[in-house]
Amino acid sequence: MESVPLALVYSRLVIGGLLVACSYGRVAHFGALAVGLIVLGVLTDVFDGIVARQLNVSTEKLRRLDSAIDQVFWGLVLLATYLACPGFFARHATKLWLLLALEGLTYAVSYLRFRKEIATHSWGAKAWVLVSAAALVQILLTAESRVLFAVSFWVGAASRLEIVAIVLLLRTWTNDVPTCFHALRLRQHKPIRRHKLLNG
């Protein structure tokens, strides 16, 4: 049972690879297939942490691996979406590059401060995943997204800036820090409330 969370984490590499292969190969009914694969990937992301916490195997190493593979998975999803809908990326290149720069900033700050990558799994980041997944589904099905993409952009920018603030507030590297408020409590050596379904 202890290997279940690890299997869920690594499964996203397979799912992401399938998405890219299907997009590149222009398989029939790719839009519907992509939606199913993205939903499956999001579900594995949700449940790997929950299962790990329920089994009491949620280690720092596992959480760091989870964060790293999340980045690869979403990179593959974006690549698959780009291959299917390059026009959308051309129209929104500035915002997409800005989000990429902010993502890079979070890692740069974390490495400079703690010599480790981020693994905050903040609530803002979780919200961004859900909104972005919805926007990507809409793009894959219609080759366009206005409201959802706009919401995804602002939630993404805000969540990246919050992660930078969390990293700067922490005295020592810590995984699973939901918000700046929790980071401030940790900085003051105060306990934070943890929930096994969210950030245990």
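**Cores, cavity and pocket**

Author: In this predicted model, the largest nonpolar core is made up of 21 residues, and those with the most contacts inside it are Leu19, Phe30, Ile38, Trp74, Val77, Phe88 and Leu136. At least two residues of this core come from each of α1 (4-24), α2 (30-54), α3 (60-84), α4 (86-91) and α6 (123-142), and α2 gives the most, with five residues.

Reader: With which residues is Val77 in contact, leaving aside its neighbours within four places in sequence?

Author: On those terms Val77 is in contact with Leu19, Ile38 and Leu136.

Reader: Why does Leu140 count as buried?

Author: The relative accessibility of Leu140 is 11%, and the term buried is kept for values under 20%, so Leu140 at 11% counts as buried. Leu140 has its place in helix α6, and, leaving aside neighbours within four places in sequence, Leu140 is in contact with Phe30, Gly31, Ala34, Ile38, Thr81, Ala84 and Cys85.

Reader: How far apart are Leu140 and Val151, in sequence and in space?

Author: They are 11 residues apart in sequence, while in space, from C-alpha to C-alpha, Leu140 and Val151 are 17 Å apart.

Reader: What makes a space a cavity, and how many of 30 Å³ or more does the structure hold?

Author: A cavity is a set of points where a 1.4 Å probe fits but cannot get out, and the structure holds one of 30 Å³ or more. The largest cavity contains about 50 Å³ of space, and its lining consists of Ser110, Phe114, Glu117, Ile118, Ala119, Thr120, Val167, Leu170, Trp173 and Thr174. By class, this lining divides into six nonpolar residues, three polar and one charged.

Reader: What makes a pocket something other than a cavity, and which residues are closest to the centre of the largest pocket?

Author: A pocket is an open set of points, whereas from a cavity the probe cannot get out. About 1,200 Å³ of space lies in the largest pocket, and of the 47 residues that line this pocket, Gln71, Trp74, Trp128, Val129 and Ser132 are the closest to its centre. The elements giving two or more residues to this lining are α2, α3, α4, α5 (93-114), α6 and α7 (147-169), and the lining residues of the largest pocket divide into 29 nonpolar, nine polar and nine charged.

Terms used. Residues numbered from 1 in each chain as written. Predicted model: local features only at pLDDT ≥ 70, side-chain atom pairs only at ≥ 80, totals over all residues. Heavy atoms only, no water. Core = buried A, V, L, I, M, F, W, Y, C linked by side-chain atoms within 4.5 Å. Buried < 20%, exposed > 50% of the residue type's maximum accessible area, 1.4 Å probe, protein only. Helix = DSSP H or I, 4+ residues; strand = E, 2+ residues; numbered from the N terminus. Contact = heavy atoms within 4.5 Å. 1 Å grid on protein atoms, 1.4 Å probe; cavity = no way out; pocket = protein on both sides within 12 Å on 5 of 7 lines; lining within 4 Å. Points joined across faces, edges and corners; volume = space filled by probe spheres on them. Nonpolar A, V, L, I, M, F, W, Y, C, P; charged D, E, K, R; others polar.
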